[in-house]
Amino acid sequence: MAALVTVAGSRRAAEESSATARESNPADAAATAHLAFVALGANLAEPLAQIRAAGKALVDLPESRLLRVSSLYRTAPVGIRGQADFINAVAALETRLEPQPLLDALFAVERRFGRRREYHHAPRTLDLDLLLYDDWQVDSRRLSIPHPRMHLRAFVIAPLLEIAPLARIPGRGLAAAWLPAVSMQRIERLPE
């Protein structure tokens, strides 16, 4: 865990010291490594196996390196009824991809796992959500960073804090400060 925090701190310092160089040469910006956190979730087609395999699939993301994957958690669906429990985890990535291409790469992994977007909150073989990307805030038609409801979901906060206990949610503060807000949601850390 400490290594992850050190990597994030070193990256932030490096980005700040090279900001002027990136402004003068936009090509340099693409070469910068970024710290991203991705939520993994599934409740169809053997979700335990799906999430384990998805964690391994993240190793193959272009221009990215998987740093860590949390334990697996069993959670009740939030805001939906009549669906099976979800298996969830959070992964930390170092990536040179900008947020939009990273999102596209995550969607490609979802499709390989049979993800279909039939309707909002549909059961899923795999759901990959880009939660955080450095300390960026993005609000576009296709992408919101930080993920807009991550601070209200135990299935995000618990595994995120497991692998990055000092994680901050831009605009919302420390992720740990949101634990009371999700304390009534059912979540169970699964044995290794």
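Let's start with Tyr133: at 0% relative accessibility, Tyr133 counts as buried. Buried is under 20% relative accessible area, exposed is over 50%, and partly exposed is in between, with a 1.4 Å probe and protein chains only.

Ground rules next. This is a predicted model: local features need pLDDT of at least 70, side-chain atom pairs count only at pLDDT 80 or more, and totals for chains, interfaces and linings use all residues. Residues are numbered from 1 along each chain as its sequence is written, and side-chain values use heavy atoms, leaving out hydrogens and water.

Back to Tyr133. Which residue pairs with it? Tyr133 forms an aromatic pair with Trp136. The geometry is edge-to-face, 4.7 Å centre to centre, with 65° between the planes. The rule: rings of Phe, Tyr and Trp (its six-membered ring) pair if their centres lie within 6.5 Å; planes under 30 degrees apart are stacked, over 60 edge-to-face, the rest tilted. Trp136 is partly exposed, at 28% relative accessible area.

Now helices. These are DSSP runs of H or I, at least four residues; strands are E, at least two; both are numbered from the N terminus. In α6, residues 154-163, nine of the 10 residues are buried. Among them are Phe155, Ile157 and Leu161.

In α4, residues 47-57, the buried set includes Ile51, Ala54 and Gly55. Seen down the axis of α4, the buried residues fall within an arc of 160°, so they line one face of the helix. The arc is taken from directions between the helix axis and the C-beta atoms.

Last, Gln83. It sits in the loop between β3 and β4. Gln83 is buried, at 17%.
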